[in-house]
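Here is a short tour for anyone meeting this structure for the first time. Have a look at the model below, then read on.

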Amino acid sequence: MSRGLGDVYKRQILRGKRVLVVDEDGSVREDAHRLLEGYGCIVETARSGDQAILMVRDASEKDRYDVIISDIKLPEYSGFQLMMRLKKIIDPVPMILMTGFGYDPGHSIVHALQNGLHPKARLYKPFRLDQLIDVVKTVLECQGVAPAAGATDEKQSEDKETSVK
């Protein structure tokens, strides 16, 4: 099966990038881990905000996370509150917030956007693989970790059909 040029470009950008996925739901952590690892990412997961903070704090400069993907609702606090706590350790925070079906009763995403979250750094569960990869690529480009895309942006139909719930 041939890959589109956009897919090859995305795989090159994502290869070796360190991603932390923070979600209380084990299936979301496992699915995101599997999908991102398929693109060559080094993926670690945390089930709580406190665990994520420890992991970020303990990461050496060479092992720092290029992207942190977090649910907006964590056991201890919101994704926005996690972002603000992480901002004391790393600034800017390469954060992506995700929520189920756009449900955000605490306005976590709005508050995060007002405090530096990239406007495209959000995912609405269930999301497709191509959506996950595009958002991660956007955050990497904004952080200067990856060159801005000027190449084609073809999507594979299998990417569009693979989703995380």
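## Before we start

A residue is called buried under 20% relative accessible area, exposed over 50%, and partly exposed in between, using a 1.4 Å probe and protein chains only. The structure holds zero disulfides, a disulfide being a pair of cysteine sulfur atoms within 2.5 Å.

This is a predicted model, where local features need pLDDT of at least 70 and side-chain atom pairs count only at pLDDT 80 or more, while totals for chains, interfaces and linings use all residues. Residues are numbered from 1 along each chain as its sequence is written, and side-chain values use heavy atoms, with hydrogens and water left out.

## The sheet and its helices

Helices (H or I, at least four residues) and strands (E, at least two) are DSSP runs, numbered from the N terminus. Five strands make an open sheet in the order S2-S1-S3-S4-S5, with parallel pairing; two strands pair if DSSP finds at least two bridges between them. Strand S2 (42–46) and S5 sit at the edges with a single partner strand each, so one side of each has no neighbour in the sheet. From one strand to the next, the twist averages 20°. (Axes are lines fitted to C-alpha atoms, for helices over the stretch in contact, and angles run from 0 to 180 degrees between N-to-C directions.)

Take S3 (residues 67–71) and S4: they pair in the parallel sense over four bridges, and Ser70 stands opposite Leu97 in S4. Helix H4 packs on the sheet, touching S1, S3 and S4, and its direction makes about 165° with that of S4. Helix H3 (residues 49–58) lies across S1 (18–22), S2 and S3, running at about 135° to S2.

## The nonpolar core

A nonpolar core is a set of buried Ala, Val, Leu, Ile, Met, Phe, Trp, Tyr and Cys residues joined through side-chain atoms within 4.5 Å. The largest one here has 48 residues, and Leu36 and Ile69 touch the most other members. Helix H6 (residues 129–142) supplies the largest share of this core, seven residues.

What does Leu36 touch, not counting residues up to four places away in sequence? Its partners are Val19, Val21, Cys41, Val43, Ile69, Leu132, Ile133 and Val136, where contact means heavy atoms within 4.5 Å.

## Salt bridges

Across the whole structure, a search finds ten salt bridges, each a side-chain nitrogen of Lys or Arg within 4 Å of a carboxyl oxygen of Asp or Glu. Asp23, Asp71 and Lys125 are linked in a network of them. Between Lys125 and Asp23, the closest N and O atoms are 3.0 Å apart. Lys125 lies in strand S5 and Asp23 in the loop between S1 and helix H2 (26–37), so this pair ties together parts that are 102 residues apart in sequence. Lys125 also meets Asp71 at 3.4 Å, N to O. That pair links S5 with S3, 54 residues apart.

Arg34 and Asp31 form another salt bridge, at 3.5 Å between the closest N and O atoms. They are three residues apart in helix H2, which means about one helical turn separates them.

## Two cis bonds

Which residues does a cis peptide bond with omega about 5° join? They are Asp91 and Pro92, and Pro92 is in the loop between H4 (79–87) and S4 (95–100). The peptide bond from Lys125 to Pro126 is cis too, with omega near -5°. Pro126 is found in the loop between S5 (122–125) and S6 (127–128).
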